Amino acid sequence: MAILKTKNLTKKYGDFKALDGVDLEVNEGEIYGFIGPNGAGKSTTIRVLLGILKATEGEAHIFGKDAWEEAVEIHKRIAYVPGDVNLWPNLTGGEVIDLFMKLRGAKQQTLREELIRKFDLDPSKKCRTYSKGNRQKVALIAAFASDADLYILDEPTSGLDPLMERVFQDCVLEAKKNGKSVLLSSHILSEVEKLCDQIGIIRQGKIIETGSLKELRHLTRTTLYMETRVPMKGLSEVKGVNDVVGKAGGVSFQVDSEHMDEVIQYASSFGVVKIESAPPTLEDLFMRHYEGTEASTHLGGGQ
Amino acid sequence: MSSKLYEKTGILSTFILRQDRFKIPIWLISIIGFTLLVAFSFTSLYSSDQERMAMAETMVNPAMVAMVGIGYGINNYTFGAMMAHQMLLLSAVVVGMMSILIVARHTRTEEEDGQIELIRSLPTGRLSTLTATSLVMVGVHIVLGLLTATGLIFMNIESVDVEGSLLYGAVLTATGIFFTSVTALFAQVSESGRGVAGLSMSVLGAAYLIRAIGDVSNETLAWFSPLGWVTRTEVYVTDIWWPIFLMAAVAVVIFIAAFYLSSIRDLQSGFLPSRVGKRNASAFLQSPFGLALRLQRTGIISWAAGMLILGLSYGSVLGDLDSFFESNDMVTGLLRPVDGFSLTEQFITLLMAVISMICTIPPLMAVFKLKGEENKNRVEHLLSRAVSRWRLIGSYLLIALVNSFVMLSLAAFGMGMAGLAVMEDPIDLATFYQAGIVYLPAMWVMIGLAVFLVGVKPSLSSIAWLYLGYSFITVYLGGLFQFPEWVTNLSPFAHIPQLPVDEMQYTNVFILTIVAALFMAAGLLFYRKRDIKG
């Protein structure tokens, strides 16, 4: 069941389209990774979802309710963490956490204390003295200490150290285990790779790719390294082969997923001694989608 | 080795001057310009001895002594004596504030923000930033003193002589250097820039208060305050120089302490432990209203105290007014005489209009606080939770409305209290209060306009301030400049009946209230519909 659904979401600022027909769907119990370069429209989408911006066109529904009209009702079941957390300099972290929890609804005191301990935050300090990472911790603790059904996280870990990022990932997985849904916008691709069930890639206000990581991988290439008894010849002429680099005793190259079979058959005639394969990382996907249009025609041509 | 402590002080000094190339000149021009303007206006307002003596009589009550200090030469109230009495102490306070703000900025605030860390990582000495700041400020205050003195001398006013003017400037220089040293000391002690400015301001405030109490009741006590030394130079009367050298000597001692503490402490540490804050929010804080109020708490309390003091000080001059007015054409020009009422009563209505406009400032700030919160991306913390936009803007509106009532009540009450104490045949307190509180609907119109602007387009909020300024000029000075009636009538404050001189006009008050309500409703509606910035 879709918890969050947008249809043809469009946001215009004058003639500029910040969002251009965004379709998103996050299902119950799912972690949805939302990736894209700076200025692609991630935060704008999220702010429309939160009812802070009004969409020019299209629909955004969360829990089946309209994101603009019924914002308050929706927000009772949402936890949101912005990427750039600005807090009130003269309140302490503890006070802000309490305020945030109270504004959503019920307070879970024990969970609050546990999270403060896990994230290693001193709640008695004024927000003025916190670093970026500590301000993010305040927002994260307030989010995970509240009993939300949907977590909307906009680059929540950009200031955290690797240890704290681990704590964050545990929290997200814990939420998932409890059947909660998460919309995670992030630049840390290893994090998205580790956590997310579904991934959407946005660029210039348009969703250009969605699917599970596995599905997305099909769209791209696998890196192979092979050693053969007889040196392979004419490999670069084979359909679907790219970036051939000769190495000591072997050759490394990339193969478009749909031509894998032909390539393997071709290679086997040279007597394969050793084969290593690496699946495309999200970073490969990311780079492939983000490089300008030139790059994508180049890839599409497959040499 | 020890000379290395001051490495690159020169470059850092020019760097400070470069950073403050607008700030410092603006301070200097404002202080000097205002001083010269007042000196000039004295010559035109009180041109005869008789007028000056009438003025002097209004100054010899405890409230005025507490405010501006003992009037030396009050029996022969020359222009010089007037300048020194009415301007010198307050100018010294402003100079002190300038020192505190600039020094705190370049010492602890920059340290707190990590800028000094960057400077320190370069080949600069450990005491260089403190030295550079101190040198620059000493220089600035010397320039200030010289320019003020030169300006006063060149105005060529009778009794404003060369020695007195030099002393006048020197007093400002010494006060500035003194508070530079105080702030430099606190910059070593407190861990935050705000703490430094706060502590130094409290010293300034305490110095002012001790002097006030001392001047009114106990001469010895006043000598414990550096601001007491300021007035005791008796500028333009007997010209006593040695309090200035006393002030400079104390400043040197404080500087030595500051430099010593700076040399023995670690970067970003202080000698006062930072207070441990609350781990949990109080029940009150946990609502949009509670948060909004908490964020403005200090500001509201300060304004409330300020409005009470404003009322008290206006009230304290009501004592001997009628004789004063009769000798002064310009002030009578401000008022249109009405039969059956004394000039004092008419003056009260004018004062109330002014007070109500000043009291409009804090409620407007309360509404525009929401705009500031939006600009700092903190509104989204609330709106992304179960808080409706109505509840959010409603909280700020409610605070503004209560604020308007509290501020105006305090000011009117303060004026009444002081008025009762000094007037020969007093008006009762209720009359004072009514004359003030009747302005509430006009203030609500201003609040309504502010809410409307925040709801529609917060970037236009300066319109509300301009409108308030417009009201101030047309209503306050309308009588003097003989503006056409419609010009004055564009301001909501012009439609308020001037109690007790006018009759109560319920229709006007009612219509203003309706206008205010319409503005507020429109603002609330628009706020629901627009994008929140971020």
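Helices (H or I, at least four residues) and strands (E, at least two) are taken here as DSSP runs, numbered from the N terminus. On that basis chain A holds 11 helices and 14 strands. The model is predicted: local features need pLDDT of at least 70, side-chain atom pairs count only at pLDDT 80 or more, and totals for chains, interfaces and linings use all residues. Residues are numbered from 1 along each chain as its sequence is written, chains are lettered from A and ligands numbered from 1 in the order in which they are written, and side-chain values use heavy atoms, with hydrogens and water left out.

**Chain A overall**

Along the principal axes, the C-alpha atoms of chain A fill a box of roughly 70 × 45 × 35 Å. Chain A has 303 residues, of which 51% count as buried; buried means under 20% relative accessible area, exposed over 50%, and partly exposed in between (1.4 Å probe, protein chains only). The chain exposes about 13,500 Å², and carbon and sulfur atoms supply 48% of that area. Accessible areas come from the Shrake-Rupley method with a 1.4 Å probe; for residues, only the protein chains shown count as cover. Among contacts in chain A with a separation of 6 or more, 68% are between residues 24 or more positions apart, a contact being heavy atoms within 4.5 Å.

**Two helix pairs in chain B**

Axes are lines fitted to C-alpha atoms, for helices over the stretch in contact, and angles run from 0 to 180 degrees between N-to-C directions. In chain B, the axes of helix α8 (residues 162-189) and helix α9 (residues 193-217) come within 9 Å and cross at roughly 140°. This makes α8(B) oblique to α9(B), since angles under 35 degrees count as roughly parallel, over 145 as roughly antiparallel, 65 to 115 as roughly perpendicular and the rest as oblique. On the α8(B) side the contact includes B:F179 and B:F186, and on the α9(B) side it includes B:V196 and B:L199. The residues of this contact divide into 8 nonpolar, 2 polar and no charged. Here Ala, Val, Leu, Ile, Met, Phe, Trp, Tyr, Cys and Pro count as nonpolar, Asp, Glu, Lys and Arg as charged, and the others, Gly among them, as polar.

Helix α18 (residues 389-422) and helix α20 (residues 440-456) of chain B pack at an angle of about 155°, with their axes 10 Å apart. That angle makes α18(B) roughly antiparallel to α20(B). Residues of α18(B) in the contact include B:L397 and B:F405, which face a set in α20(B) that includes B:W444 and B:I447.

| Residue | Relative accessibility | Class |
|---|---|---|
| A:D98 | 0% | buried |
| B:T233 | 1% | buried |
| B:L17 | 43% | partly exposed |

A:D98 lies in helix α3 (residues 93-104) of chain A. Not counting residues up to four places away in sequence, A:D98 touches A:K107 and A:R112 as well as B:R279, B:N280, B:A281 and B:Q286.

B:T233 sits in the loop between α11 (226-231) and α12 (242-264) of chain B. Beyond four places in sequence, its contacts include B:L88, B:L167 and B:V171.

B:L17 belongs to helix α1 (residues 9-19) of chain B. Leaving aside neighbours within four places in sequence, B:L17 is in contact with B:I24 and B:V136.
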